[in-house]
Amino acid sequence: MSSKEERSIKLLVVDDEPLEREVLLDIVKKSNLGFIECLEAKNGLLAVDIASATLIDVMLIDIKMPKMDGLTAAKLIKKMNPEIKIIFLTAFNEFDYALQTIKIGVEDYLLKPVRPEELVGSLTKVVESTDIQEIETPSTEVIEQLITYIKGHLEDKLTLNELSQLVHLHPQYLSRLFKQKMDRSLTEYITSTRLEKSKELLLDSQYTITEISRLCGFSDSNYFTRVFRKQEGIPPSHYRKNEQLLKKERVKKTYIHSII
């Protein structure tokens with residue numbers, strides 16, 4: 001990236017004290033580190049919910065909180081989003097806490113009350129080590145790998161769990177990543193790709209509608225016909241007939257032009 005402003009970094013601040021969250025967010029916003037969105041949660045449970053719905057790049061999280069503590073929340077979020085960078089905040093300088101955060105995979109461990117320069121310094125290191133370009137490249141490669149696999153395996157079921165195992169990512173993380181990159185859900189992409197393949201087969205093969213539905217991964221020909229009609233406005237048999245007539249007309253016109 002050529003500048004900090006171009007970074008697309010999302011931050012989540014998790015602390016059960018409203019004033020503490022306000023102070024932390026104020027420090028972050030004044031730091032000009034390029035966070036395009038700063039979200040907040042008052043406990044670990046809400047943090048997990050937010051991280052399930054949004055791809056978070058960096059998280060500041062307190063350890064001791066009601067409903068769900070920071071260590072438990074961090075473990076769950078890290079499992080969903082292995083790329084997330086975590087900075088723990090705690091008022092307790094205890095070795096046991098530090099040891100547990102290391103096991104989770106922590107970027108830093110700050111003691112409260114956090115000094116502004118200390119927090120900015122820690123965040124700067126995280127942002128520089130994260131460098132969104134470094135994340136974008138493997139993410140793009142994952143999506144490209146997925147698309148290649150989907151196009152070559154349209155006959156298969158292509159479930160989210162199967163595809164996530166293929167690219168070694170958590171299903172929820174993969175689902176959000178695909179939507180973010182492709183601007184449509186994984187299911188929508190698979191259905192669209194299957195329909196495009198079915199149109200090719202309808203025009204350039206002698207396969208029956210039942211055979212085409214199977215080759216394109218639809219569970220049965222009736223379901224295929226419903227999906228096709230919803231997308232194209234007509235059933236596949238009519239589409240084939242119309243396109244064949246259009247093809248004959250184009251051939252006829254080409255022939256007439258050639259002899260004039």
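Q: Is Arg 21 buried or exposed?
A: In this predicted model, Arg 21 is found in helix H1. Its relative accessible area is 11%. Since buried means under 20% relative accessible area, that value places Arg 21 among residues that are buried.

Q: Which residues does Arg 21 touch, not counting residues up to four places away in sequence?
A: Arg 21 belongs to helix H1, and its relative accessible area is 11%. Leaving out residues up to four places away in sequence, the ones it touches are Val 13, Asp 15, Asp 16, Glu 40, Ala 41 and Lys 42.

Q: What is the order of the strands in the open sheet?
A: The protein has 12 helices and five strands. The open sheet consists of five strands with parallel pairing. Within this sheet, E3 and E4 pair over five bridges, and Leu 60 stands opposite Ile 87 in E4. The order of the strands is E2-E1-E3-E4-E5.

Q: Which strands stand at the edges, each with a single partner strand?
A: The order of the open sheet is E2-E1-E3-E4-E5. Each of the two edge strands has a single partner strand, so one side of each is left without a neighbour in the sheet; these strands are E2 and E5 (108–111).

Q: What angle does the direction of helix H1 make with that of E2?
A: The twist of the sheet averages 15° from one strand to the next. Helix H1 covers residues 18–31 and packs on the sheet, where it touches E1, E2, E3 and E4. The angle between the direction of H1 and that of E2 is about 175°.

Q: Which element gives the most to the largest nonpolar core?
A: The largest nonpolar core has 22 residues, and those with the most contacts inside it include Leu 12, Val 14, Met 59 and Phe 88. At least two residues each come from strand E1 (9–14), strand E2 (35–41), helix H2 (44–53), strand E3 (58–62), helix H3 (70–80) and strand E4 (85–90). With five residues, the element that gives the most to this core is H3.

Q: How many residues are in the second, separate core?
A: Nonpolar side chains tend to be buried together in soluble globular proteins. In this protein, a second, separate core includes Val 28, Phe 35, Val 58 and Leu 60. The number of residues in this second core is 19.

Q: What percentage of the residues in the protein is buried?
A: The accessible surface of the protein comes to about 14900 Å², and 51% of this surface belongs to carbon and sulfur atoms. Of the 260 residues in the protein, the buried ones make up 42%.

How values were computed. Residues numbered from 1 in each chain as written. Predicted model: local features only at pLDDT ≥ 70, side-chain atom pairs only at ≥ 80, totals over all residues. Heavy atoms only, no water. Helix = DSSP H or I, 4+ residues; strand = E, 2+ residues; numbered from the N terminus. Buried < 20%, exposed > 50% of the residue type's maximum accessible area, 1.4 Å probe, protein only. Areas by Shrake-Rupley, 256 points an atom, 1.4 Å probe, with all protein chains shown as cover. Core = buried A, V, L, I, M, F, W, Y, C linked by side-chain atoms within 4.5 Å. Pairing = 2+ DSSP bridges. Axes fitted to C-alpha atoms, helices over the stretch in contact; angles between N-to-C directions. Contact = heavy atoms within 4.5 Å.
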